[in-house]
Amino acid sequence: MMKVGFIGAGKVGSSLGRYFSQNNIPISGYYSRTQSSGCEAARQCNTICVTSIDQLLTLSDVLFLTVPDDAILSVWNEMKHFPIKGKYICHCSGSLTSHILSGIEITDSFGYSIHPIFPFQTKTTAYEALQQAIFTIEGDAAHQQPLLDLLHACPNRFIPIEADHKAAYHAAAVFASNLVVSLFHQSFRMLMDCGFSEEEARIALKPLAFSNLENIFQNGPSAALTGPVERHDLKTIKKHLDVLSSDSRETYIALTKDLVTIAQQRHPSRSYADFEDVLEQYRLTNPD
């Protein structure tokens with residue numbers, strides 16, 4: 001079985017190395033510019049921490065570049081001058097493609113972007129959590145199978161993706177994660193303006209949000225839609241628009257337009273032209 005080495009021992013590198021090791025994928029070692037981090041990650045995988053990239057290359061068949069996105073190119077530019085023929089070079093960026101490994105074809109090695117759709121919040125992500133993640137893989141299709149055979153020791157699904165889809169793919173993940181943080185920030189702020197403490201806002205919104213998310217992932221967004229748009233309650237929409245701040249109103253209008261599209265598909269015999277007119281009117285006048 002091929003051996004996997006990690007360059008970078010942050011949250012992603014440490015967690016993935018430990019996870020691969022738990023799935024009996026051999027870990028050859030870690031290299032990190034911060035040696036203490038590399039040694040701690042290596043200890044978790046019962047492997048070694050090396051002091052140079054060329055040492056790790058000698059020990060490894062597959063290299064994971066688990067460094068920040070803006071460091072991938074500089075690490076690659078350093079390692080591509082060593083003998084790496086036949087090796088698999090993988091980075092874990094969600095937004096960058098394998099093309100960041102420029103000139104890899106000259107080295108006779110194979111480049112990939114392998115991205116887990118998962119929020120790594122610590123260096124010791126639990127096995128049970130990671131086994132639920134889907135990974136996408138983009139890169140040299142002609143030599144991909146040995147790499148997939150190795151990774152299929154893990155119980156995860158590995159879905160191929162084209163390089164020109166990576167930006168949209170990453171944006172989709174941001175909509176479902178980072179942008180949700182902004183929506184909750186606005187929701188918390190509105191409740192606090194109504195007299196709630198932040199703790200009370202969290203307590204109040206948690207069952208609403210959790211129930212809605214469970215419904216979305218069990219039945220899909222269309223079937224999960226509830227609220228004033230779904231029940232065609234234009235009066236309530238107008239009340240909301242009248243009290244929202246300018247910034248919040250802009251967000252509300254954009255998202256409500258999308259909800260109108262979902263509701264129209266769900267209820268094709270019902271006209272939502274009045275909703276569209278009102279939203280456009282508020283967008284143009286933007287009253288404070």
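Helix H9 covers residues 178-193 and helix H10 covers residues 198-219. They pack at an angle of about 125°, with their axes 9 Å apart. Axes here are lines fitted to C-alpha atoms, for helices over the stretch in contact, and angles run from 0 to 180 degrees between N-to-C directions. H9 passes H10 in a right-handed crossing, meaning that the near helix is turned clockwise from the far one by less than a right angle.

From H9, the contact uses Phe184, Ser187, Phe188, Leu191 and Met192. From H10, it uses Glu198, Ala201, Arg202, Leu205 and Ala209. Contact means heavy atoms within 4.5 Å.

## Basis of the model

This is a predicted model, in which local features need pLDDT of at least 70, side-chain atom pairs count only at pLDDT 80 or more, and totals for chains, interfaces and linings use all residues. Residues are numbered from 1 along each chain as its sequence is written, and side-chain values use heavy atoms, with hydrogens and water left out.

Helices (H or I, at least four residues) and strands (E, at least two) are DSSP runs, numbered from the N terminus.

## The sheet

Seven strands make an open sheet with mixed pairing. Their order is E2-E1-E3-E4-E5-E6-E7. Two strands pair if DSSP finds at least two bridges between them. Strand E2 (27-31) and strand E7 (158-160) are the edges, each pairing on one side only. The twist averages 25° from one strand to the next.

Strand E1 (residues 4-7) pairs in the parallel sense with strand E3 (residues 62-65), over four bridges. Valine 4 stands opposite valine 62 in E3. Helix H4 (residues 69-79) packs on the sheet. H4 touches E1, E3 and strand E4 (88-91), and its direction makes about 145° with that of E3.

E1 also pairs with E2 in the parallel sense, again over four bridges. There, isoleucine 7 stands opposite tyrosine 31 in E2.

## Serine 37

Serine 37 lies in helix H2 (residues 35-44). Its relative accessibility is 18%, so serine 37 counts as buried. Leaving out residues up to four places away in sequence, serine 37 touches Ala9, Ser32 and Lys123.

## Two asparagines with positive phi

Asparagine 24 sits in the loop between helix H1 (11-22) and E2. Its phi is near 65°, a positive value in a residue other than glycine. Asparagine 24 is exposed, at 63% relative accessible area.

Asparagine 46 belongs to the loop between H2 and helix H3 (53-59). Here phi is near 55°, again positive in a residue other than glycine. Asparagine 46 is exposed, at 74% relative accessibility.

## Cysteines

The structure holds zero disulfides. A disulfide is counted when a pair of cysteine sulfur atoms is within 2.5 Å. For cysteine 90, the closest cysteine sulfur is in cysteine 92, 7.5 Å away, which is too far for a bond. Cysteine 90 is buried, with a relative accessible area of 0%. Cysteine 194 is exposed, at 63%.

Methods
Buried < 20%, exposed > 50% of the residue type's maximum accessible area, 1.4 Å probe, protein only.
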